[in-house]
Amino acid sequence: MIRAGLLWLSEQPRIFKFVRANGLARKFAARFVAGETVESGVAALKQLNAAGITASLDLLGEAVHNAAEARAARDTYLHTLDRIKAAGAAANISVKLTQMGLDIDAASCVDNLRTIIAAAQADGSFVRIDMEQSDYTERTLQLFRQTFHPQFGNAVGVVLQSYLRRTEQDVEQMIALGGRVRLCKGAYKEPEAVAFPGKRDVDANYVRCMERLLLRGNYPAIATHDVRILEHAKAFARDKGVAPVRFEFQMLYGVRRDLQLALKRQGYNVRVYVPFGTQWYPYLMRRLAERPANVAFLLGNVMRESLRRN
Ligand SMILES: Cc1cc2nc3c(=O)[nH]c(=O)nc-3n(C[C@H](O)[C@H](O)[C@H](O)COP(=O)(O)OP(=O)(O)OC[C@H]3O[C@@H](n4cnc5c(N)ncnc54)[C@H](O)[C@@H]3O)c2cc1C
C-alpha cells in the first residue's frame with residue numbers, strides 16, 4: 001500500500017511544485033540525485049570514475065509539454081556530451097523518448113534523439129533509451145528495432161523490464177537483432193494484464209531473461225541491487241564461461257554504494273546511473289516506493305545533519 005501511495009504521489013505535478021520549494025525535500029533528493037545542473041552530474045561521475053566505476057548521466061524529466069521543451073532537453077544532452085568529453089570522463093547518457101517529445105510529435109522526437117545519438121557516436125560514446133510505462137513499450141522497441149539500431153548499431157541500446165509478461169519474447173527478439181539491452185525489474189505502476197503482480201514472478205522472470213542475455217546477448221547490462229540475483233549472475237557466468245568483460249552490472253546513484261565498490265573490486269564492470277536536473281521529484285518518489293524504509297532512513301540522515309549543525 002505504501003508503494004502504491006508513493007507511486008501515485010510520483011505522478012502529481014502539483015505536489016512536486018510544493019515539494020521543490022522545500023529545502024528538506026531537496027536534501028532528501030541529494031541522496032539519489034547528483035544535483036540540478038549538468039556540472040553537478042559531471043562532478044558526481046568524476047568521483048565514480050576515481051573509484052573505477054563508469055556512469056550513465058540522465059537528465060531528469062519525462063513527458064515534456066511542447067516541442068520547445070523537447071528541443072531544450074535535446075540541447076542539454078548535447079551540452080552534457082560535450083562536458084563528458086571535455087572532462088575525459090568514462091560515461092555515456094540515458095534518455096527517455098517522452099522527454100524527446102514522443103507524445104507531441106513522433107517525427108521530431110526521432111529527429112531529436114538522432115541528433116543526440118549521432119553526437120554520442122562521434123565521441124565514441126553510447127546512448128541508452130530508458131524504458132517508461134508499458135503504454136510506451138511497443139513504440140519504444142519498434143523505434144529501436146526499425147530506426148535507431150539499424151542506423152547507429154552499438155552506439156544505442158534499450159531497456160527491458162522483467163515485470164512485463166512480454167519481456168521474455170522481447171529478450172529473444174533483441175538477441176536475434178544483436179541489440180544492446182539493459183535488464184531491470186521495472187519501476188512503474190502497471191496493471192496485472194501486462195505485468196506480474198508478485199515480486200517472486202518478477203524476480204524469476206529477471207533470472208530467466210538475464211541468463212539468456214548473458215549467454216547470447218550483446219554486452220548486456222544487468223541493472224539490479226538484488227544481491228541474490230547478482231550472486232546468481234556471477235555464478236552463472238562463471239559456470240558457462242562468460243567472461244566479466246562481456247557484460248556489466250549497473251546500479252543507481254546513491255543505492256548500495258558498498259555493493260558497487262565490492263563488485264568493482266571483484267573485477268566486474270560497474271556502471272552507475274546518475275540522474276541530474278530540476279525535475280527530480282517523480283524519480284525520487286519511485287526510489288522511495290522501491291524501498292519505503294528509505295523514507296525513515298533519509299529522514300534520520302537529515303535530522304542527524306541538522307542536529308550536528310545546530
Ligand atoms: C542502472 C539502472 C537503470 C534503470 N533504468 C530503468 C528504466 O529504464 N526503466 C525502469 O522502469 N526502471 C529502471 N530502473 C529501476 C528498476 O526497474 C528497479 O525499479 C530498481 O532497480 C529496483 O529494483 P532492484 O532490481 O534493485 O530490485 P528490488 O527487488 O527492488 O531490490 C533489491 C534490493 O536492492 C536494494 N534496493 C533496491 N532499490 C533500492 C532503493 N531505492 N534504495 C535502497 N535500496 C534499494 C534493497 O536492498 C532491496 O532489498 C533502473 C535501475 C537501474 C539500477
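Me: Contact means heavy atoms within 4.5 Å. By that rule, which residues does L78 touch, not counting residues up to four places away in sequence?

Reply: L78 touches T115, I116 and A119. This is a predicted model, in which local features need pLDDT of at least 70, side-chain atom pairs count only at pLDDT 80 or more, and totals for chains, interfaces and linings use all residues. Residues are numbered from 1 along each chain as its sequence is written, and side-chain values use heavy atoms, with hydrogens and water left out.

Me: Where is L78, and why is L78 called partly exposed?

Reply: L78 sits in helix α5. Helices are DSSP runs of H or I with at least four residues, strands are runs of E with at least two, and both are numbered from the N terminus. Buried means under 20% relative accessible area, exposed means over 50%, and partly exposed is in between (1.4 Å probe, protein chains only). L78 has a relative accessible area of 23%, so L78 is partly exposed. Its C-alpha lies 16 Å from that of V274, which is 196 residues away in sequence.

Me: Why is A29 called buried?

Reply: The relative accessibility of A29 is 3%, so A29 counts as buried. A29 belongs to helix α3, residues 23–30.

Me: What makes L284 a partner of A29?

Reply: A29 touches L284, and W280 as well, not counting residues up to four places away in sequence. Along the chain, A29 and L284 are 255 residues apart. In space, their C-alpha atoms are 6.2 Å apart.

Me: K234 is a lysine. How do you know whether K234 is buried or exposed?

Reply: By its relative accessible area, which is 7%; therefore K234 is buried. K234 is part of helix α10, residues 227–240. Leaving aside neighbours within four places in sequence, K234 is in contact with F249, L263, Q266 and Y268.

Me: And K264: why does K264 count as partly exposed?

Reply: K264 has 27% relative accessibility, so K264 counts as partly exposed. K264 is placed in helix α11. It touches A51, G52, I53 and V270, not counting residues up to four places away in sequence. V171 is 93 residues from K264 along the chain, and their C-alpha atoms are separated by 26 Å.

Me: What makes the phi of Y219 and of R256 worth a look?

Reply: Most residues other than glycine have a negative phi. Y219 is not a glycine, yet its phi is positive, about 45°. R256 is not a glycine either, and its phi is positive at about 50°. Y219 lies in the loop between α9 (199–216) and β6 (221–223). R256 lies in the loop between β7 (248–252) and α11 (257–265).

Me: Why are Y219 and R256 called partly exposed?

Reply: Y219 has a relative accessible area of 22%, so Y219 is partly exposed. R256 comes out at 33%, so R256 is partly exposed.

Me: What does the side chain of N66 reach, and how do you know that it qualifies as a polar contact?

Reply: The side chain of N66 reaches the backbone nitrogen of A68 at 3.2 Å. A polar contact is a pair of N or O atoms within 3.5 Å; within protein, one must be able to donate a hydrogen and the other to accept it, and residues adjacent in sequence count only if both atoms are side-chain atoms. N66 is found in the loop between β1 (54–59) and α5 (67–87). At 32% relative accessibility, N66 counts as partly exposed. N66 and D105 are 39 residues apart in sequence, and their C-alpha atoms are 9.1 Å apart.

Me: How do you know whether the protein agrees with a compact globule?

Reply: Compare the radius of gyration, taken over C-alpha atoms, with a globule rule of 2.2 Å times the number of residues to the power 0.38. For 310 residues a compact globule would have a value near 19 Å, and the protein has 19 Å, so the two agree. The C-alpha trace spans about 60 × 45 × 45 Å along its principal axes. There are 13 helices and eight strands. Of the 310 residues, 51% count as buried.

Me: Which share of the contacts with a separation of 6 or more comes from residues 24 or more positions apart?

Reply: Those residues account for 73% of such contacts in the protein.
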